[in-house]
Each structure stands twice: as structure tokens, then as C-alpha cells.
Amino acid sequence: MFGELTINDFLHLLNSSAPTPGGGAVVAINAAQAAGLLSMVSNITTKKNLSDKSNSVNRDLVKCMLVAVMHQEKLMKAADADAVAFNALMECYKMPKTTDEEKQARSVAIVNATKNACEPPKQTLLSCMALVDFAKIAVEQGDRSVVSDAFIACRMLATAMRCSIYNLQINLKTLIGKDDEFVKKTNEFIARTDAVITELEKFIDEKCRF
């Protein structure tokens, strides 16, 4: 869906009054761009190593390239899924609420749709976390000519993760008192990701500098 648009077309949609794409899609696409930078750094470094017969191929960077491309695709799917989930949630709010039965059906639909809306930012977080160690490899082992690109990828991943947490938390507010077990498990997941982000931000402060 969004991957088929030109950048200008996507921005035109973003500028409009349409509810999607919104923050979740933007975050996922930015994370996909970070993955692209990691793949680029790995690709350039590997090709340079291959052209210099005195250097051996860095297997970590080759793996980084492959994993980054895989998660780039997942992140673009998460961007599309975020828009679909949000539109479905908005439709639930339009359901009739005249009778008690209608109110109950509407309430159940909103809860289920809100839980579904948590899945795309969760998937964005999972992909970002899977890329963190590779981002560090790109910074430490990538060619110095593209080290700034590795720095930027690290920063974009950290930001995407923080923003995905915002998107989860805004949905969780709706679910408090309606599905507390889901809220508890999601908050536990957020706590685990928060630790990864904090570690990455520390790495950025220490390593991503000239």
C-alpha cells in the first residue's frame, strides 16, 4: 500500500485531513529507512573488502545486510497494518449505540479493535529490537566513509522505538478496566523494550561521535 506510493504522494496523504497514514505508519517507515541505511553501510563495506584482496569478508556485516532487508519489508507491512487497524477502530466508534445491546456490541468491538491496533507498533518495536545489535556492528565495523549513516540509523531506531511506545500507550489507556490482563502484558513488553532503548541510547552517546 504505502510502499507503492511515491514519496510526494505519501506526504500529500500525510498532509491531508485523512486519518491515515498517521504516526504509526510514519514511525514504521522511518524504521524501515534505518534498516535501509544499515544494509547500505554493510553493502558498501563488504564490496570494499572484496575489492581489497588483503581483507576477508566480514560475516557480521553480510548478516546485517540480509537481516536489515528482511526487517525493512516487515516494517513496511507494519506501516500498512497500522493504517488498516486504525481505520477499523474508527469504524467501531461509528457503530450504533441506541439500545443496550448495541452499546454492548459497540464496546466489545472497540476493545477488540484497540487491541488489534496495538499489534503494528508492537511489530515495529520487535523489528527495531532485532536490528539494534546489527546497528552497533555497522557503527563499529562499517567503513568509515559511511559511518555517519550508521550513526543516523542508530538514532532513527532509538526514536522509532520510543515513538512506538507512545502509540502503544495511547491505545492502552482505552483498555484500562476493560482488559487489564492485556494491559499488564503489554506494559511488561514495553518495559523490556525500554531497557533495550536505554542501552542503545547509551551506545549512541558513547560511540556515535566524530
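Predicted model: local features only at pLDDT ≥ 70, side-chain atom pairs only at ≥ 80, totals over all residues.
Helices (H or I, at least four residues) and strands (E, at least two) are DSSP runs, numbered from the N terminus.

View 1. Residues are numbered from 1 along each chain as its sequence is written, and side-chain values use heavy atoms, with hydrogens and water left out. The C-alpha atoms fill a box of roughly 75 × 35 × 25 Å along the principal axes.

**View 2. Helix H3 packs against helix H4.** Two packed helices are described by the angle between their axes and the distance between the axes. Here H3 (residues 59–93) and H4 (residues 100–117) pack at about 165°, with axes 9 Å apart; axes are lines fitted to C-alpha atoms, for helices over the stretch in contact, and angles run from 0 to 180 degrees between N-to-C directions. That angle makes H3 roughly antiparallel to H4 (angles over 145 degrees count as roughly antiparallel).

**View 3. Residues of H3 meet residues of H4.** On the H3 side, look for Ala85, Leu89, Cys92 and Tyr93. Their partners in H4 include Arg106, Ile110 and Thr114; contact means heavy atoms within 4.5 Å. The residues of this contact divide into eight nonpolar, two polar and one charged (Ala, Val, Leu, Ile, Met, Phe, Trp, Tyr, Cys and Pro count as nonpolar, Asp, Glu, Lys and Arg as charged, and the others, Gly among them, as polar).

Definitions and conventions: Parallel < 35°, antiparallel > 145°, perpendicular 65-115°, else oblique.
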